[in-house]
There are 2 protein chains.
Amino acid sequence: MILCDIGNTTFHFNINGEEQRYLVNSEIPDFKERIYYISVNENATAKLKHKNDDIIDLEPYLEFKTKYVGMGLDRKIACCFLEDTILVDAGSAITVDIMKKKKHKGGFILPGLKAFRDIYPQISHKLDVDLNTKVNLDKIPLCTKDAISYAILKSIIEPIKKVSKKKQITFTGGDGEFLSKFFDNSIYKKDIIFENMRRIIDANNCIT
Amino acid sequence: MILCDIGNTTFHFNINGEEQRYLVNSEIPDFKERIYYISVNENATAKLKHKNDDIIDLEPYLEFKTKYVGMGLDRKIACCFLEDTILVDAGSAITVDIMKKKKHKGGFILPGLKAFRDIYPQISHKLDVDLNTKVNLDKIPLCTKDAISYAILKSIIEPIKKVSKKKQITFTGGDGEFLSKFFDNSIYKKDIIFENMRRIIDANNCIT
């Protein structure tokens with residue numbers, strides 16, 4: 001089975017369990033099998049359709065209710081089978097969503113780790129440092145690199161801690177595993193989007 | 001008395017108590033009086049010197065010891081007469097410095113409010129929203145504008161709260177007054193840099 005999560009910058013494929021990524025503006029292969037996809041990027045979707053006849057959009061099969069206006073499809077897919085947890089999807093942005101008794105209660109959007117780091121050189125070239133992922137968060141920093149690394153990590157960790165109130169936190173996304181280590185009450189799920197896409201396909205066996 | 005704080009982007013003058021700002025690449029007036037200045041910007045300093053003969057650099061008169069490596073001169077000047085407080089200077093970056101018994105214990109550097117907001121459109125055009133300065137920080141957001149505004153404010157507020165441990169917090173800088181309102185134990189000082197420049201001049205009366 002071929003699954004594809006089409007994002008702003010990447011085609012993220014899962015081909016019989018194996019992952020492949022292509023930038024949306026790069027060449028993508030011809031696939032001979034049906035592709036189930038979700039997409040937040042119309043142009044990239046058109047490109048995939050142009051190369052492959054048999055592709056099925058899973059969005060119409062998603063059942064997810066929320067009062068949140070403007071929630072991205074990938075966020076909805078990630079949350080849709082969760083019961084009681086905070087979902088943190090740490091990619092180019094870090095979305096934080098609160099699920100309580102299977103209901104979506106809202107959420108917030110932090111910049112991703114890379115975006116966060118990239119702000120600083122735009123303020124001053126003196127603040128152009130690499131993230132020290134091992135900075136000690138229990139000590140007040142004593143140099144610029146640590147001062148920025150500490151600020152970035154604390155700015156992400158503290159708002160999540162504040163909202164989680166010791167509830168379980170589920171991490172996913174490229175930086176999910178790294179960030180999950182700063183929380184006692186956390187689990188990391190690498191492929192929550194693909195897992196949930198498969199569950200939607202299974203639940204709607206008419207479409208397989 | 002004319003004071004000038006030369007930053008990365010701005011000449012910030014205090015002329016007998018009145019403030020004037022000029023971008024570093026714009027025309028600046030000829031002053032007929034002595035100018036006392038501090039600077040983190042060599043090119044801008046050269047420009048000021050070129051127009052005005054009688055200018056005095058206050059940096060050599062500053063007595064400020066710290067183990068922090070690479071602390072900006074403006075940060076040192078802001079901290080130099082403080083005893084026990086957290087100093088938050090909220091400008092293009094937000095520097096947070098811990099002073100304990102007149103000693104500088106270190107600090108960290110958050111992006112300024114504007115820089116923070118400007119990250120989001122660089123991640124996705126869907127995240128290009130204005131900061132809602134009145135977002136309710138006690139409710140989980142239910143739309144993109146609030147989701148981003150909540151994240152920005154929490155990312156700044158929570159790390160400062162965490163480090164302050166109910167100690168007094170002194171705010172200064174362009175966004176200092178706005179941010180101070182989120183803290184019970186805060187005071188706002190508009191002109192801490194100029195106040196301290198005057199104190200350095202007074203303490204070294206040889207230079208007046």
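Is B:Phe171 buried or exposed in this structure? B:Phe171 is buried, with a relative accessible area of 0%, where buried means under 20% relative accessible area, exposed means over 50%, and partly exposed lies in between (1.4 Å probe, protein chains only). The model is predicted, so local features need pLDDT of at least 70 and side-chain atom pairs count only at pLDDT 80 or more, while totals for chains, interfaces and linings use all residues. Residues are numbered from 1 along each chain as its sequence is written, chains are lettered from A and ligands numbered from 1 in the order in which they are written, and side-chain values use heavy atoms, with hydrogens and water left out.

**Chain A as a whole**

- Chain A contains six helices and ten strands, where helices (H or I, at least four residues) and strands (E, at least two) are DSSP runs numbered from the N terminus.
- Taken along the principal axes, the C-alpha atoms of chain A fill a box of roughly 60 × 40 × 30 Å, and 52% of the 208 residues in chain A are buried.
- The accessible surface of chain A comes to about 10,400 Å², of which 47% belongs to carbon and sulfur atoms; accessible areas come from the Shrake-Rupley method with a 1.4 Å probe, and for residues only the protein chains shown count as cover.
- When contact is taken to mean heavy atoms within 4.5 Å, 43% of the contacts in chain A between residues at least 6 apart in sequence join residues at least 24 apart.
- Chain A has 32 positive and 29 negative side chains, with the centres of the two sets 8 Å apart; Lys and Arg count as positive and Asp and Glu as negative, while His and the chain ends are not counted, and the place of a charge is taken as NZ of Lys, CZ of Arg, CG of Asp or CD of Glu.

**How the two chains are related**

- A rotation of 180° with 0.0 Å of shift along its axis superposes chain B on chain A, with an RMSD of 0.0 Å, and the two copies are thus related as by a two-fold rotation axis.
- Copies are superposed by least squares on the C-alpha atoms of residues with pLDDT of at least 70 in both.
- Of the residues of chain B, B:Ser155 comes closest to the rotation axis, at 2.1 Å for its C-alpha, and the same surface serves both copies, since 100% of the contact residues of chain B recur in chain A.
- B:Ile123, in helix H3 (residues 113-123) of chain B, counts as buried at 14% relative accessibility.
- Across to the other chain, B:Ile123 touches A:Ser92, A:Ala93, A:Pro111, A:Gly112 and A:Ala115.

**Helix H1 of chain B**

- The buried residues of helix H1 (residues 42-51) of chain B are B:Ala44, B:Thr45 and B:Leu48, and they cover an arc of only 100° around the axis, which puts them on the same side of H1(B).
- That arc is the one made by the directions from the helix axis to the C-beta atoms.
- An α-helix has 3.6 residues a turn, so residues three or four places apart point the same way.
- The face of H1(B) turned away from its buried side carries the exposed residues B:Glu42, B:Asn43 and B:His50, whereas the buried residues pack against strands S1 (2-6), S2 (10-15), S4 (35-39) and S5 (55-57) of chain B.
- B:Ala44 has a relative accessible area of 3% and, leaving aside neighbours within four places in sequence, is in contact with B:Ile6, B:Phe11 and B:Val24.

**Two further buried residues**

- B:Phe171 belongs to strand S9 (residues 169-172) of chain B, and, not counting residues up to four places away in sequence, the residues that B:Phe171 touches include B:Val88, B:Leu179 and B:Tyr188.
- A:Ile200, in helix H6 (residues 192-203) of chain A, is buried with a relative accessible area of 3%.
- A:Ile200 and A:Glu63 are 137 residues apart in sequence and 9.0 Å apart in space, C-alpha to C-alpha.

**Loop residues with positive phi**

- Most residues other than glycine have a negative phi.
- A:Asn16, in the loop between strands S2 (10-15) and S3 (18-23) of chain A, has a positive phi near 50° and is exposed at 53%.
- A:Lys165, in the loop between helix H4 (144-164) and strand S9 (169-172) of chain A, has a positive phi near 45° and is exposed at 69%.
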